[in-house]
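Visitor: Hey, could you walk me through this one? I'm new to reading structures.
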Amino acid sequence: MGENSLRTLSRPNRSPRSSRGAGRTTGASAHATVVHGWIPAADRWIAVDVHEPSEPSRGAAVVLAAPPGRERVTMTRTVVHTARALAAAGWRVVRFDWSGTGQSPSLEDTCDARLWAEDLRVVRDWAGADQPVRGVAFSVAGAYMAADEDSGWSERLLLAPVSGKQWLRHQSALRRMAGKDLPPRVTEGTELMDLQLSAEGAAAVKAVPGPEQDAARCIRVLTEDATGPLPLDVHPRVATVPSGLTDTVVAALGEHAPTRGAQAHDAATPRPARTITLDVRGTDVRLTRTTCGVAERPAIITEPVERSPEAPGLALVSPGSDVMEAAGGLWLRTALLASSRGAVCLLAERTDTGELVDASLTRDSNPYARHTVAESREIVTQLAALTDGPLTAAGICLGAWGLVAAAPELPAEVTRRLTLQVVNNVAWQREPWRYWRQGLRSGPLAPRLPGEDSPTPVPQDAQGGSTPTSRSLARTLVSRVGTVGRTVVRGTRARAHDASPRVNSLAATVGIIDVPRPALRRLARIPGLTVKAVFGPADAAHCGVTAAHQDARSALVLLEPLDHSVFATASRDTLCRYVVDEVSTPVPAGR
């Protein structure tokens with residue numbers, strides 16, 4: 001099943017369209033082949049990403065294990081860069097998502113971490129075709145790799161390893177430090193940032209011992225002196241790939257590596273399945289790996305095995321620099337549940353996120369850019385080609401901004417059946433540069449650890465080449481002007497809501513105020529388009545909105561509990577249920 005060429009599922013009674021170049025990366029490694037899919041593990045499926053080796057290959061595999069939870073978000077760029085470097089050095093590299101996380105499908109937000117030790121064994125055996133393989137692991141994944149049986153590994157390289165107990169304590173502390181910014185923690189089990197563990201799963205994690213270097217067991221620990229500081233406890237916007245990391249890992253594995261070309265690369269090596277079927281609450285739902293847009297970005301379609309040509313469609317756009325399934329697998333779980341009610345759903349990576357992180361960049365680029373608008377338009381138009389039914393496109397934060405900005409570019413035959421669910425959007429103007437700049441320095445998006453009182457200082461290269469004195473003076477002037485402006489405008493917030501889009505845009509550009517209603521009035525001129533601006537309590541206060549219908553085709557919706565970045569378990573549950581219910585609700589006739 002997994003070895004067949006990938007085909008894009010079209011609507012019923014249409015021929016499938018072939019997709020060339022599926023799973024390719026961008027940037028300097030565009031020539032490399034990456035195959036995305038799933039492998040079976042008992043009664044579940046594990047998502048894997050296979051980086052095929054550059055020729056001449058070494059004829060050997062490396063399992064690359066990233067940590068789960070919040071560390072997976074901040075480590076994505078580092079892990080993908082490492083995988084690409086190893087593949088370029090001739091290794092076949094297999095990455096994977098732990099059960100209940102990422103693209104390993106799960107219907108429940110609560111993760112049973114008791115399965116994680118078995119996950120590693122399954123991936124190890126699959127990658128090595130039951131022969132010993134090499135392993136590279138970060139953080140708590142290193143503890144799992146060291147605790148596994150020795151016979152399955154010919155070499156293990158651990159970076160910043162910690163015991164399960166240490167990792168759990170630290171991640172729990174980060175969640176507690178978030179305090180008033182997040183809804184109360186769910187009391188059943190253990191709630192972490194972007195991850196909810198069952199009580200039994202948390203106990204299993206806690207029992208994983210801390211690893212130590214052991215030459216007899218072929219375990220080697222690389223310290224930060226050799227790799228540089230790993231981006232484990234930082235905001236994703238300032239997560240940076242250590243400059244010497246990839247070279248250090250490649251060199252460490254190369255010391256006892258097979259010579260390149262000595263063993264021919266086996267074309268018959270196992271390939272992951274690109275189409276799988278799950279029983280989702282009594283409905284057979286098919287998941288298919290596909291591509292999206294002219295750049296053939298990696299994507300996933302979920303749909304009932306038997307569906308109507310007029311099935312509702314749902315496109316899901318992730319926030320910020322998140323992977324396409326969003327942190328904690330929120331969007332994939334939402335898609336599965338929506339498909340169990342008859343919907344066809346589409347998720348896709350965006351430029352410089354997830355599998356498409358730019359090989360030439362060591363930290364996130366500004367996603368408030370033209371490519372986000374174009375890619376938001378592409379995912380909606382591709383969804384419209386999959387079904388004749390009503391369409392919904394949901395995006396969080398940056399994803400919401402992209403959908404709003406792309407709406408005027410959509411064809412009328414699409415907008416007439418489209419509803420936008422824009423969630424926690426605090427960027428209502430078309431000028432994109434301000435949101436990234438302001439997000440780096442101040443406001444609700446500023447990088448900071450939970451519990452910090454002030455934003456993380458902006459590095460020198462992010463501020464430009466001006467002198468410290470001139471930067472300080474400029475910041476002081478802008479701060480004072482902004483403070484005065486905010487005092488005046490917020491005192492007459494009702495006038496800001498009623499202002500024309502042009503006046504509101506001018507006020508927003510200088511950081512005074514940014515409210516949704518002028519933008520909603522502009523969107524109301526698009527034929528047939530319905531827009532629902534969805535806010536959690538903090539974002540509603542930031543934008544000064546209350547629940548209300550703007551007109552017949554737009555509304556301001558307040559959801560609670562819902563934090564800005566959907567870190568909390570209660571927030572993910574709230575948003576998932578809301579989107580699934582909205583997609584499942586019949587659209588009134590004559591819309």
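Visitor: What does the accessible surface of the protein chain come to?
Guide: About 23600 Å², and 53% of that belongs to carbon and sulfur atoms. Areas like this come from the Shrake-Rupley method with a 1.4 Å probe, and for residues only the protein chains shown count as cover. Keep in mind that this is a predicted model, where local features need pLDDT of at least 70 and side-chain atom pairs count only at pLDDT 80 or more, while totals for chains, interfaces and linings use all residues. Residues are numbered from 1 along each chain as its sequence is written, and side-chain values use heavy atoms, leaving out hydrogens and water.
Visitor: OK, and how many of the residues count as buried?
Guide: 56% of the 591 residues in the protein chain. Buried means under 20% relative accessible area, exposed over 50%, and partly exposed in between (1.4 Å probe, protein chains only).
Visitor: How many helices and strands are there?
Guide: The protein chain has 19 helices and 22 strands. They're DSSP runs numbered from the N terminus: helices are H or I with at least four residues, strands E with at least two.
Visitor: Which residues have the most contacts inside the largest nonpolar core?
Guide: Leu 287, Leu 314, Leu 330, Trp 331, Ile 396 and Leu 575, in a core of 45 residues. A nonpolar core is a set of buried Ala, Val, Leu, Ile, Met, Phe, Trp, Tyr and Cys residues joined through side-chain atoms within 4.5 Å. Helix H8 (residues 330-340) gives the most to this core, 7 residues.
Visitor: What does H8 pack with?
Guide: Helix H19 (residues 569-584), at an angle of about 35 degrees with the axes 9 Å apart. Those axes are lines fitted to C-alpha atoms over the stretch in contact (heavy atoms within 4.5 Å), and angles run from 0 to 180 degrees between N-to-C directions. Leu 330 and Trp 331 are among the H8 residues that meet H19, whose side includes Leu 575.
Visitor: Switching to strands: which face of S13 is covered?
Guide: The one with Ile 276, Leu 278 and Val 280, while Thr 275, Thr 277 and Asp 279 make up the uncovered face. In a regular strand, side chains alternate between the two faces of the sheet.
Visitor: And which strand is S13 joined to?
Guide: S14 (residues 283-292), running antiparallel, through 6 bridges. DSSP has to find at least two bridges for strands to pair.
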